[in-house]
Amino acid sequence: MTLPNEDVMDLLADRFVVGFHNIEKASHVGLSHGYKPQQTAVGTTNGAGGRNVQIVVLAADETVLHVLPGFWNAEDLIPELQLALEIHRLYSDETKSPEAKQAMLAVLHRAQVRRYDDAALARSEWQDFDRAAEIQRSRDEARDTVLVDDSGQPVADAPGMLRLKSIPQIVHERLVERSFRKLADFGMETFVDYGRAYYDNNMGLDKGRSFPRAEHANQKREREQEKAEKAAAKLAEKQGQAEKRG
């Protein structure tokens, strides 16, 4: 979930019921390599490995209150968990209408994004290979990961490279779009869809276990994506031919 931290563990023990679920066969899982128990953990950035692990906070009725994809630094995980508690209070408030709850939830998420100062944003930097993959994808399709200006046009830096939103901004905007959904209807596949599905660059160095079921899930996803792309291209070709005849 994150690197060991006493404050995190105390908060989880006091305010949450903690469990886990193996997502190795899930459709959204990424492809990575495991680590042996004796291997030393290293620090990483918020959101790294978003397909491989998700921290999900649920209400008792399986309504999703919060999701953090990937690993999170303890300094940023604690405020996010505190936000989840605040969202739970909002969700449980019977005096507010569904419309009022939706509006207040959006305010909470926007305020949380503003909480990320320069130090927190530095802990949330895109990994280079994820950034490169996301920028490449944004050239071929519309992506909610790209910064846009007031007119809705993508923002680029001096060399013309598209600028991406911070990982926290992407996470909280996507959570607003999925306000108070049940876990079964949450759409984890699209929620964790940023960067590339293959996460671990150290296959030749890491001597941990492999995940054959995750490999199978990734191969299945790639086949389905390829099939969908071919079907879309075929449909576009038919529409083009029909327009020419018309």
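**Figure 1. The outward face of helix α1 in the predicted model.** The face of α1 turned away from its buried side carries Glu-6, Asp-7, Ala-13 and Asp-14, and these residues are exposed. The structure shown here and in the following figures is a predicted model. Helix α1 spans residues 6-15, and Val-8, Leu-11 and Leu-12 are its buried residues. Viewed along the axis of α1, the buried residues fall within an arc of 95°, so they line one face of the helix. An α-helix has 3.6 residues a turn, so residues three or four places apart point the same way. The partner of the buried residues of α1 is α2 (74-92), against which they pack. At the start of α1, the backbone nitrogen of Asp-7 has a side-chain oxygen of Asn-5 within 2.9 Å.

**Figure 2. Overview of the protein chain.** The elements of the chain comprise eight helices and two strands. Read from the N terminus, their order is α-β-β-α-α-α-α-α-α-α. The chain has 246 residues, of which 38% are buried. Of the contacts between residues at least 6 apart in sequence, 68% join residues at least 24 apart. The chain exposes about 15000 Å², and carbon and sulfur atoms supply 53% of this area.

**Figure 3. The hairpin of strands β1 and β2.** Strands β1 and β2 form a hairpin, with five residues between them. Their pairing is antiparallel and extends over five bridges. Within this pairing, Leu-58 stands opposite Val-64, a residue of β2. Six of the six residues of β2 are buried, so this strand is largely enclosed by the rest of the structure. Glu-62 is partly exposed, its relative accessible area being 48%.

**Figure 4. The largest nonpolar core.** The largest nonpolar core contains 38 residues, and Trp-72 and Phe-191 have the most contacts inside it. Two or more residues of this core come from each of α1, β1, β2 (64-69), α2, α3 (98-115), α6 and α7 (188-191). The greatest share is that of α2, which gives eight residues. Beyond its neighbours within four places in sequence, Phe-191 is in contact with Val-67, Pro-69, Val-171, Arg-174, Leu-175, Arg-178 and Phe-186.

Figure 5. The buried residues of α6 are Ile-167, Pro-168, Ile-170, Val-171, His-172, Arg-174 and Leu-175. The cover over these buried residues includes β2, α2, α3 and α7. Phe-180 belongs to the loop between α6 and α7. Although Phe-180 is a residue other than glycine, its phi is positive, near 55°. Phe-180 has a relative accessible area of 17% and is buried, since the limit for a buried residue is under 20%.

**Figure 6. The surroundings of Thr-145.** Thr-145 is located in the loop between α5 (128-140) and α6 (167-177). Its relative accessible area is 0%, and Thr-145 is therefore buried. A polar contact of 2.7 Å joins the side chain of Thr-145 to the side chain of Glu-134. Apart from residues up to four places away in sequence, Thr-145 touches Trp-126, Glu-134, Leu-164, Lys-165, Ile-170, Arg-174 and Tyr-194. Two of the residues named here, Ile-170 and Arg-174, are also among the buried residues of α6.

**Figure 7. Ser-27 and its partners across the sequence.** Along the chain, Ser-27 and Lys-220 are 193 residues apart, and their C-alpha atoms are separated by 8.3 Å. When its neighbours within four places in sequence are set aside, Ser-27 is in contact with Glu-189 and Arg-221.

Key:
Residues are numbered from 1 along each chain as its sequence is written. This is a predicted model: local features need pLDDT of at least 70, side-chain atom pairs count only at pLDDT 80 or more; totals for chains, interfaces and linings use all residues. Side-chain values use heavy atoms; hydrogens and water are left out. Buried means under 20% relative accessible area, exposed over 50%, partly exposed in between (1.4 Å probe, protein chains only). Helices (H or I, at least four residues) and strands (E, at least two) are DSSP runs, numbered from the N terminus. The arc is that of the directions from the helix axis to the C-beta atoms. Contact means heavy atoms within 4.5 Å. A polar contact is a pair of N or O atoms within 3.5 Å; within protein, one must be able to donate a hydrogen and the other to accept it, and residues adjacent in sequence count only if both atoms are side-chain atoms. Accessible areas come from the Shrake-Rupley method with a 1.4 Å probe; for residues, only the protein chains shown count as cover. A nonpolar core is a set of buried Ala, Val, Leu, Ile, Met, Phe, Trp, Tyr and Cys residues joined through side-chain atoms within 4.5 Å. Two strands pair if DSSP finds at least two bridges between them.
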